[in-house]
Amino acid sequence: MLKGKNAVVTGSTSGIGLAYARALAAEGVNVTLNGFGDAAAIEKERAGIESEFGVKAIYSGADLTKGSECAALVKFAEDTLGSVDILINNAGVQHVSPIEEFPDDKWDLIIALNLSAAFHAIKAAVPGMKARKWGRIINTASAHALVASPFKSAYVSAKHGIAGLTKTVALETATFGITCNAICPGYVWTPLVEKQIPDTAKARGMTEEQVKRDVLLAAQPTKEFVTVEEVAALAVFLASDAARSITGSLQQIDGGWVAE
Ligand code: NAD
């Protein structure tokens, strides 16, 4: 039973993170939202989650590129809700560039947000989870935690790093009722992906359908996007008591991408 548990979902003002928060709230979990965006839109989403699902929803605009703000986010949730039982490390950004031109500041940003932020948040949340003998840590990795693509050196490195962090934390917490797993999505239909399509179509002289099929989904055997709801349903399962023996795993949800 997840009802009454408390969760932190990083990067939950949009896309996959918002779907995690809504799916957990639908199970009766109080949620801490985090991320950037329009203040009024975030407040509308926060209040909407409270009224739709009858849970508490709080928000922190912590910038998770800073380790101290990751720890402060966990403390804010513990102080306000009473505990952090479920931690989902999800905030992430991408930059695409050949290695010899890859900007140093983009490398630092991606490693800080997509990898180090998870370390800092886990470090802050584990003592409370150990004390209560229950915890669920879920890291949004990627198919890029398992395979590489060219021009994504920082992202692929960070996501492979998250895979190692996930396994290590799983081993250290295994006897405390805590699990730590990573979700490895292929291409997911989020605003981020959706926004790329018209520009790519123009640049390549393709229709939007051709861009989806021949560019974005070329790697995905189903030739369909994964939906945010599907990814969120997997997280809800990993958070459930039925998944208590699943730890240290990398869960592919990629339409068959890494099977090829
Ligand atoms: P998105 O852009 O919709 O969401 C990213 C979230 O991170 C937003 O809420 C944003 O405000 C937040 N964020 C950005 N910088 C931040 C910072 N410094 N501090 C705190 N929050 C910050 O993207 P998404 O597609 O939902 O991606 C979410 C996660 O899923 C990422 O880790 C991404 O790597 C991963 N992922 C996405 C896909 C995909 O196809 N969309 C595939 C595999 C993995």
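So, which polar side-chain atom lies 2.5 Å from an oxygen atom of the ligand? That one belongs to serine 14.

Before I go on, the ground rules. This is a predicted model, where local features need pLDDT of at least 70, side-chain atom pairs count only at pLDDT 80 or more, and totals for chains, interfaces and linings use all residues. Residues are numbered from 1 along each chain as its sequence is written, and side-chain values use heavy atoms, with hydrogens and water left out.

Okay, staying with the ligand. It has 29 residues around it, where being near means that a heavy atom of the residue lies within 4 Å. The closest are Thr13, Ser14, Phe36, Asn90 and Tyr155. For polar contacts I'm taking pairs of N or O atoms within 3.5 Å; within protein, one must be able to donate a hydrogen and the other to accept it, and residues adjacent in sequence count only if both atoms are side-chain atoms.

Helices (H or I, at least four residues) and strands (E, at least two) are DSSP runs, numbered from the N terminus. Two strands pair if DSSP finds at least two bridges between them. What we have is an open sheet of seven strands with parallel pairing, and the order reads S3-S2-S1-S4-S5-S6-S7. At the edges are strand S3 (57-60) and strand S7 (250-253), each pairing on one side only. On average, neighbouring strands are turned by 20° against each other, direction ignored. That uses axes fitted as lines to C-alpha atoms, for helices over the stretch in contact, with angles from 0 to 180 degrees between N-to-C directions.

Take the S7 end. Strand S6 (residues 178-185) runs parallel to S7, and four bridges join them. One detail there: isoleucine 183 has glutamine 251 in S7 as its bridge partner.

What packs on this sheet? Helix H4 (residues 104-132) does, touching strand S4 (86-89), strand S5 (135-140) and S6, with contact meaning heavy atoms within 4.5 Å. The direction of H4 makes about 175° with that of S4. Helix H2 (residues 39-53) lies across strand S2 (30-34) and S3, at about 155° to S3.

Next, helix H1 (residues 15-26). Its 12 residues should span 16 Å at 1.5 Å a residue, the rule being 1.5 Å times one less than the number of residues. The end C-alpha atoms come out 17 Å apart, so that agrees. H1 is mostly covered, with 10 of its 12 residues buried; buried is under 20% relative accessible area, exposed is over 50%, and partly exposed is in between (1.4 Å probe, protein chains only). Just after H1, glycine 28 takes a positive phi of about 90°.

Over in helix H5 (residues 153-173) there's threonine 173. Threonine 173 counts as buried because its relative accessible area is 2%. Leaving out residues up to four places away in sequence, threonine 173 touches Val126 and Ile178.

Most residues other than glycine have a negative phi. Phenylalanine 151, in the loop between S5 and H5, has a positive phi of about 75°. With 48% relative accessibility, phenylalanine 151 is partly exposed. Lysine 223 has a positive phi too, about 60°, and is found in the loop between helix H7 (208-215) and helix H8 (228-239). At 40% relative accessibility, lysine 223 is partly exposed.
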